[in-house]
Amino acid sequence: MGEKIDFKKLGLKVGLELHQQLNTKHKLFCKCPTKLVEEKGEFNFIRRLRPTRSELGEVDIAALFEWKRGRYYLYESYDNYTCLVEGDEEPPHELNREALEIALTVALLLNSKPVDEVHVMRKIVIDGSNTTGFQRTAVVALGGYLEDEEDVIRIQTICLEEDAARKIAEKGAEVTYRLDRLGIPLIEIATGPDIHTPEQAERVAYKIGQLLRITGKVKRGLGTIRQDLNISIEGGEKIEVKGVQKLELISRVVAYEALRQYRLLKIRDGLKKRGLREEDIAFKPIDVTKIFEKTKSKVLRRALKERKKILAQVLPYFKGILGIELQPKRRFGTELAEYAKFWGGVSGIIHTDELPRYGITDSEIRMLYEYCKADPEKDAIVIVADREDNAREALKAIVERAKYALKGVPKETRAANPDGTTRYMRPQPGAARMYPETDVPPIEVTEEWLEKIREKLPEKPEQKYEKFVREYGLSKDLARLMIKSYWLDLFEKLVEKFKGKVSPVLIATTFENTLKALKGEGIPIENIRDEVFEEILEKYSEKTMAKEAIPKILAWIARNPGKTVEEAIKVLKIERLTLRDVEAIVEEIIKDKRELIKARRERAFGAIMGLAMSKLRGKVDGKTVAEIVKKKINEYLRNIG
Ligand SMILES: [Zn+2]
């Protein structure tokens, strides 16, 4: 982006809202398992959601808008994975105490103060991701803090929530959701706006994630942890960025969003300097279809063929502004286009800052300016080709957004793109969106219960480190890596499970060396489910495979997600050979290379070993091969005298 930005000078403030799925036996309000299903739904039903009035009598604009679009929702459900609660055919059961206990554990680890009584509330959701039209959520603890290198980060709230249904498809007005995820317990941790740099945001998210994993009670893998970020700079606006799933993306999202706000403020100052006032920007759509009747532009010709209209809107003093880049490959014009798409349902806009382009000629542009009585030196014109009502709505939204350019950064909810930039998602919902869930009785958090939880709080990282070195025999370096590892909880679980059968060092190096190496080769290790590691260690402890085969199996499964270790072993032709088989292979090689051995005697070891390993790699461990090679060379040398 050229310029180096001092985020602290910009007055960057970031608060995190981290959502983590809990690995409980049951869902939050029913007895269904907390498992995702890969098969299509066994029976499906359709619902439409209607915007309701909150208790304060206020209708959510965003909800109303969604409803006006005429959307309907198809829900996929199952016999064994979902029940009537997810379908909103039966009231929720009591709040899951296992989930609450995990949330309380996390609260104590974060120095947060648990509430005396946990009350479940309803929070309106408008996108159909919940069959009820609201999400159930409960505050579990307030306050607290987390120590970071630079600042103490305040914790504001810790909540327990039900996860939403999974969006599977979107086709026209039909949106398909799978109900398997709906109701999986989520812990939501919200920090204060105490983070001041992009790197710090990532580090704090990582620390909270680590603390959650230390409990050993959270789900792992892509999609099980999601971050929302509240980002603002001095003079900007608190922007909510939703749904960052990858930790590595956080610092980039923060940096790009700060940059966007910074550039929007620059645009504001620039427009003011040009003398623009809000009242200069009036919604005045002009039908310019005529100008383009004989156009060579494919996009416009297609629209005209479909009997669509081409409407134009002048943005006075905006010339050059729409082409300003706010984030990599995203210009001010992109922001206008997103408003047009969202509010007008149009597929896009064309503006004069990007012309001539799309086959639109200079003379057409000249005619456009003339017809609209706009100044080609000062003004920008936006055109939209669509059904007239859609085009009007789109231009109206563009005018509103353009007016906001004089204020700076509009308040909105944005979503993170895979490259770390952000896009408009919807307006920020109003505050009055919570009301009590009367179907679920409150749960008292007694001092006795808290005392019990305090007694069995998970070990602190330092204690774990000691244990890893002393009991598990990890080197200090490896123990240090393991403490910080994403795989920490799984590592501990597997060490316990394979006690006396598999060395903890092998398990640790599989995570910290093997997996990292595979990732470095570009292998999608995020596809490897936890059970795969368990299966591999099972096979290894049964001696059906050598440890040398582990990387191969992991790589294959990462590329063939959903397959089992058994299948990997078969496809990769990995079999454990008997010692006798190995000896026979080595003897064969020695017979072939007897001249070499005669000439070089014991020094032939390296060459023979290399040949043996090329045949045996992955099937038997190197140490055993080396022993046999050495033994067989010596035997041969003794025989020839
Ligand atoms: Zn259920």
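Good morning. Among the contacts of the protein chain with a separation of 6 or more, 74% join residues 24 or more positions apart; two residues count as in contact if their C-beta atoms, placed from the backbone, lie within 7 Å. The model is predicted: local features need pLDDT of at least 70, side-chain atom pairs count only at pLDDT 80 or more, and totals for chains, interfaces and linings use all residues. Residues are numbered from 1 along each chain as its sequence is written.

Let me turn to confidence. The mean pLDDT of the chain is 91, and 95% of its residues reach 70 or more; pLDDT is the predictor's confidence in each residue, from 0 to 100. Helices (H or I, at least four residues) and strands (E, at least two) are DSSP runs, numbered from the N terminus. Where pLDDT is low, the predicted coordinates should not be read in detail.

Next, the domains, whose bounds come from an automatic or database domain assignment. They are domain 1 (13-271), domain 2 (277-405), domain 3 (459-571) and domain 4 (579-640). The centres of domain 3 and domain 4, taken over C-alpha atoms, are separated by 31 Å, and five residues of domain 3 are in contact with six of domain 4.

What lies inside? Of the 641 residues, 39% are buried, that is, 20 or more other C-beta atoms lie within 10 Å of their own C-beta atom, placed from the backbone; a residue is exposed at 12 or fewer, and partly exposed in between. A nonpolar core is a set of buried Ala, Val, Leu, Ile, Met, Phe, Trp, Tyr and Cys residues joined through C-beta atoms within 7 Å. The largest such core has 106 residues, and A103 is one of those touching the most other members. Helix α4 (residues 250-273) gives the most to this core, 11 residues, and at least three residues come from each of domain 1 and domain 2.

Finally, consider helix α14 (residues 530-541). At 1.5 Å a residue, its 12 residues should span 16 Å, and its end C-alpha atoms are 17 Å apart, which agrees; the expected span is 1.5 Å times one less than the number of residues. In α14, F533, I536, L537, K539 and Y540 are buried. These residues cover an arc of only 160 degrees around the axis, so they lie on the same side of α14; the arc is that of the directions from the helix axis to the C-beta atoms. Thank you.
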